[in-house]
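Visitor: Could you please take me through this structure? I would like to begin with the charged side chains.

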Amino acid sequence: MKKSSLLNAELSHLAATLGHTDEITVCDAGLPIPESVQRIDLALTYGVPSFLDTVRVWLSEAQIEGVIVAQEFAEVSPEHHQALMALIDEERRTSGKTIEVHTLSHEAFKQRSERSRAIVRTGECTPYANVIFQSGVVF
């Protein structure tokens, strides 16, 4: 059995096959997911699993070097946005890596998510609780 905290087979495979600068999106229950992008649907019911729990587990498994969020996230859902930024700050401290944070309009974010290797849908129902992670390297 795996030793790390990520048990989901699809997510584990995704983490193992990402290359430098590949992107994945972790999203709320409402973000549109185009048929051309792999959908990993974790949503069970409203709020389960949560966006932040899913992000926390992903960060325990994958090295990131960039983060993209919608500008509206900080304005409309400031508590969730601040919690996400705290997780990113913790990842910076523990990894010793630079992690750039970029913002786009929500419409531009949706278009950008179409370039993702996969979109991971959570049960989150907080507006704009979506993030694109750019894969980094561990060396």
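Guide: A salt bridge is a side-chain nitrogen of Lys or Arg within 4 Å of a carboxyl oxygen of Asp or Glu. The model is predicted, so local features need pLDDT of at least 70 and side-chain atom pairs count only at pLDDT 80 or more, while totals for chains, interfaces and linings use all residues. Residues are numbered from 1 along each chain as its sequence is written, and side-chain values use heavy atoms, leaving out hydrogens and water.

Visitor: How many salt bridges does the structure hold?

Guide: The structure holds eight salt bridges. One of them joins the side chains of Arg56 and Asp53, at 2.8 Å from N to O.

Visitor: Where do Arg56 and Asp53 lie?

Guide: Both are in helix H2, three residues apart, which is about one turn of the helix. Helices (H or I, at least four residues) and strands (E, at least two) are DSSP runs, numbered from the N terminus.

Visitor: Which residue forms a salt bridge with Asp22?

Guide: Arg117 does, and the closest N and O atoms are 2.9 Å apart. Arg117 lies in the loop between helix H5 (106-113) and E5, and Asp22 in the loop between helix H1 (9-17) and E1, so the pair ties together parts that are 95 residues apart in sequence.

Visitor: And what does Arg112 meet in a salt bridge?

Guide: The side chain of Arg112 meets that of Glu23, at 2.6 Å from N to O. This pair also links distant parts of the chain, with Arg112 in helix H5 and Glu23 in strand E1, 89 residues apart. Arg112 and Glu23 are both buried.

Visitor: Let us turn to the sheet. What is the order of its strands?

Guide: The open sheet has six strands in the order E2-E5-E1-E6-E3-E4, with mixed pairing. Two strands pair if DSSP finds at least two bridges between them. The edge strands, E2 (38-41) and E4 (100-104), each pair on one side only.

Visitor: In which sense do E1 and E5 pair?

Guide: Strand E1 (residues 23-27) and strand E5 (residues 118-121) pair in the parallel sense, over four bridges. Cys27 has Arg121 in E5 as its bridge partner.

Visitor: Now the aromatic rings. How many aromatic pairs does a search of the whole structure find?

Guide: The search finds one aromatic pair. The rings of Phe51 and Phe73 have their centres 6.1 Å apart and their planes at 85°, so the pair is edge-to-face. Rings of Phe, Tyr and Trp (its six-membered ring) pair if their centres lie within 6.5 Å; planes under 30 degrees apart count as stacked, over 60 as edge-to-face and the rest as tilted. Phe51 and Phe73 are both buried.

Visitor: What does Asn130 touch?

Guide: Not counting residues up to four places away in sequence, Asn130 touches several residues, including Cys27, Asp28, Phe51 and Phe73. Contact means heavy atoms within 4.5 Å. Asn130 is in the loop between E5 and E6 and counts as buried, at 2% relative accessibility. A polar atom of the Asn130 side chain lies 2.9 Å from the backbone nitrogen of Asp28.

Methods: Buried means under 20% relative accessible area, exposed over 50%, partly exposed in between (1.4 Å probe, protein chains only). A polar contact is a pair of N or O atoms within 3.5 Å; within protein, one must be able to donate a hydrogen and the other to accept it, and residues adjacent in sequence count only if both atoms are side-chain atoms.
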